[in-house]
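Colleague: I would like a close look at a single part of this model, followed by whatever else can be said with it.

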Amino acid sequence: MAMFHRPATDSWQAAAESPHRAPVLHAVGEMTQTLRARGEEATVAVWGPKDGAWHRYDAPARQGAAPRTSPAAAPGEPTVLAQRMTGRRHQVLLAALNTAGLYDLTPEDDTAVRALVDGLDEAAVRRVAHWLATAAGTR
């Protein structure tokens, strides 16, 4: 079970529950990305059974959201469609990394993902995502 702390209400909220660890950790990755995209901090606790009792497991490290600014578009900059496709390739790679077990990326990791997104087309990004999913044992 994954629990997220909501500072606004100073309470914990159940975010994911499964008899298997992998889906819970995947949900932790997705929720963490969503909260950071909103500019919120993500505080997570992962709980599960151990020796017949509930035990708190290590959760991904807590990191503050990095503020992202989008500069005003100047002539010659990518169109809205190009920006949307770049965002889509970025989302595909992040989902593939989550599937491969990498849930809490550092700013350096995000920079590397953005470099891949900028250098690869849609088909190549999907191929890399397929490799990561295959390496993780899912298809």
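Does Tyr 57 count as buried, exposed or partly exposed, and why?

Modeller: This is a predicted model. Tyr 57 counts as partly exposed because its relative accessibility is 25%, and a residue is called buried only under 20% and exposed only over 50%. Tyr 57 belongs to strand β4, which covers residues 53–57. Leaving aside residues up to four places away in sequence, Tyr 57 touches Arg 21, Val 46, Trp 47, Gly 48, Pro 49 and Lys 50. Met 1 lies 56 residues from Tyr 57 along the chain, and the C-alpha atoms of the two are separated by 9.9 Å.

As for confidence, the chain has an average pLDDT of 75, and 83% of the residues score at least 70. Residues 60–74 have a pLDDT below 50; the model gives this stretch 20 contacts beyond near neighbours in sequence.

Another part to look at is helix α4, made of the 14 residues 122–135. At 1.5 Å a residue, α4 should span 20 Å, and its end C-alpha atoms are 20 Å apart, so the two values agree. The buried residues in α4 are Glu 122, Val 125, Val 128, Ala 129 and Ala 133. They cover an arc of only 140° around the axis, and therefore sit on the same side of α4. Ala 123, Trp 131 and Ala 135 are exposed on the other side of α4. After α4 comes Gly 137, which has a positive phi, near 90°.

Note on methods: Residues are numbered from 1 along each chain as its sequence is written. This is a predicted model: local features need pLDDT of at least 70, side-chain atom pairs count only at pLDDT 80 or more; totals for chains, interfaces and linings use all residues. Side-chain values use heavy atoms; hydrogens and water are left out. Helices (H or I, at least four residues) and strands (E, at least two) are DSSP runs, numbered from the N terminus. The expected span of a helix is 1.5 Å times one less than its number of residues. Buried means under 20% relative accessible area, exposed over 50%, partly exposed in between (1.4 Å probe, protein chains only). The arc is that of the directions from the helix axis to the C-beta atoms. Contact means heavy atoms within 4.5 Å. pLDDT is the predictor's confidence in each residue, from 0 to 100.
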